[in-house]
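Me: I would like to go through this model by question and answer, with the cut-offs behind each term made plain along the way.

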Amino acid sequence: MTDAAALPGQPRGAVVSGPATARTVNVLAPNPSAMTLDGTNTWIVAEPDSDLAVVIDPGPLDDVHLRAVIEAVERSGRRVGLTLLTHGHPDHAEGAGRFAELTGTKVRALDAALRLGDEGLGAGDVITTGGLELRVVPTPGHTADSLSFHLPADRAVLTGDTILGRGTTVVAHPDGRLGDYLDSLRRLRSLTVDDGVHTVLPGHGPVLEDAQGAVEFYLAHRASRLAQVETAVEAGHRTPSDVVAAVYADVDRSLWPAAELSVRAQLEYLTEHGLIQG
Ligand SMILES: [Zn+2]
């Protein structure tokens with residue numbers, strides 16, 4: 001999400017989980033916080049019979065973690081063929097340059113400023129490294145540059161911060177926009193309904209096995225928050241911080257600065273749709 005600062009005194013060394021799906025393994029970065037949950041999930045994706053792996057979101061600039069990712073790839077008898085970014089927040093992307101240096105790979109991302117090499121990444125692109133089929137799904141809203149990756153062979157989608165394994169995500173106004181985010185959630189819902197995706201591999205938190213349920217929960221949560229914000233404005237709460245205090249009273253205060261970004265995105269959405277006066 002947004003805050004990649006390591007907590008003092010936390011244990012060092014990355015945690016490698018078992019296979020999440022047939023083609024994916026998660027290496028957990030040691031950057032837990034209120035914003036990053038257990039830490040950033042760095043995903044290794046590879047075809048079972050291939051010697052090349054794709055790494056999605058190397059994570060924070062932390063050599064212990066980056067080397068743990070490389071070791072996990074090498075232990076499976078592979079090498080890293082390509083690095084991809086779901087978006088540019090530092091807890092996902094800050095280590096990408098160093099990771100590319102260590103692995104000699106290119107970095108592909110929607111935002112040209114994050115790329116290393118000449119290839120971009122966008123709607124309709126299909127990553128075929130090592131025989132994979134990884135379809136790029138534009139999912140702006142958390143940030144303007146957010147992408148998800150559809151892995152049809154595992155009926156899975158890697159969602160970055162667009163859908164998290166626990167809780168809900170921030171619409172990071174002004175870069176992130178609520179209308180875009182709702183469209184992105186609907187796009188992900190159609191992957192679950194029309195393309196049989198049932199597993200969400202998120203950028204933070206645990207794997208979700210009911211992808212459609214997760215998307216429906218996010219859509220319902222957004223609709224309910226939006227109604228609460230509209231009600232708060234009608235009740236006379238005019239500033240974003242007033243609205244946060246009224247609407248996010250149930251949320252830990254350490255998350256209020258992030259909640260204020262979402263509130264600003266919601267106020268913009270309500271104003272643009274003529275639902276409140278700007
Ligand atoms: Zn993020």
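Me: What volume of space lies in the largest pocket, and on what terms is it computed?
Reply: The model is a predicted one, in which local features need pLDDT of at least 70 and side-chain atom pairs count only at pLDDT 80 or more, while totals for chains, interfaces and linings use all residues. Residues are numbered from 1 along each chain as its sequence is written, and side-chain values use heavy atoms, with hydrogens and water left out. A pocket is an open set of points on a 1 Å grid over the protein atoms alone, where a 1.4 Å probe fits, with protein on both sides within 12 Å along at least five of seven lines, and its volume is the space filled by probe spheres set on the points, which are joined across faces, edges and corners. For the largest pocket this space is about 280 Å³.

Me: Which elements give two or more residues to the lining of the largest pocket?
Reply: The lining, meaning residues with an atom within 4 Å of a point, consists of 19 residues, of which T168, T169, V170, V251 and L255 lie nearest the centre of the pocket. Elements here are DSSP runs numbered from the N terminus, helices being H or I of at least four residues and strands E of at least two. Those that give two or more residues to this lining are α5 (211-234) and α7 (256-272).

Me: Which residues coordinate the zinc ion, and what is the geometry of the site?
Reply: Donors are N, O and S atoms within 2.8 Å of the metal (3.2 Å for Na, K and Ca), and water is not among the atoms, so sites may look incomplete. The zinc ion is coordinated at 2.2 Å by H87 (NE2), H89 (ND1), H142 (NE2) and D161 (OD). With angles of 90 to 161° among its four donor atoms, the site of the zinc ion is irregular.

Me: How many residues apart in sequence are the parts that H87 and H142 tie together?
Reply: The donor residues of the zinc ion follow the spacing H-x1-H-x52-H-x18-D. H87 lies in the loop between β5 (79-84) and α2 (90-93), and H142 in the loop between β8 (134-138) and β9 (147-151), so the parts that this pair ties together are apart in sequence by 55 residues.

Me: Is R23 buried or exposed?
Reply: R23 is placed in the loop between β1 (15-21) and β2 (24-28), and its side chain makes a polar contact at 2.8 Å with the side chain of E47. Such a contact is a pair of N or O atoms within 3.5 Å, of which, within protein, one must be able to donate a hydrogen and the other to accept it, while residues adjacent in sequence count only if both atoms are side-chain atoms. Buried means under 20% relative accessible area, exposed over 50% and partly exposed in between, with a 1.4 Å probe and protein chains only. At 17% relative accessibility, R23 counts as buried.

Me: Which residues does A93 touch, not counting those up to four places away in sequence?
Reply: A93 has its place in helix α2 and counts as buried at 9% relative accessibility. With contact taken as heavy atoms within 4.5 Å, A93 touches G59, L85, H87 and G88.

Conventions. Tetrahedral: all angles 85-135°; square planar, octahedral: opposite > 155°, others 65-115°.
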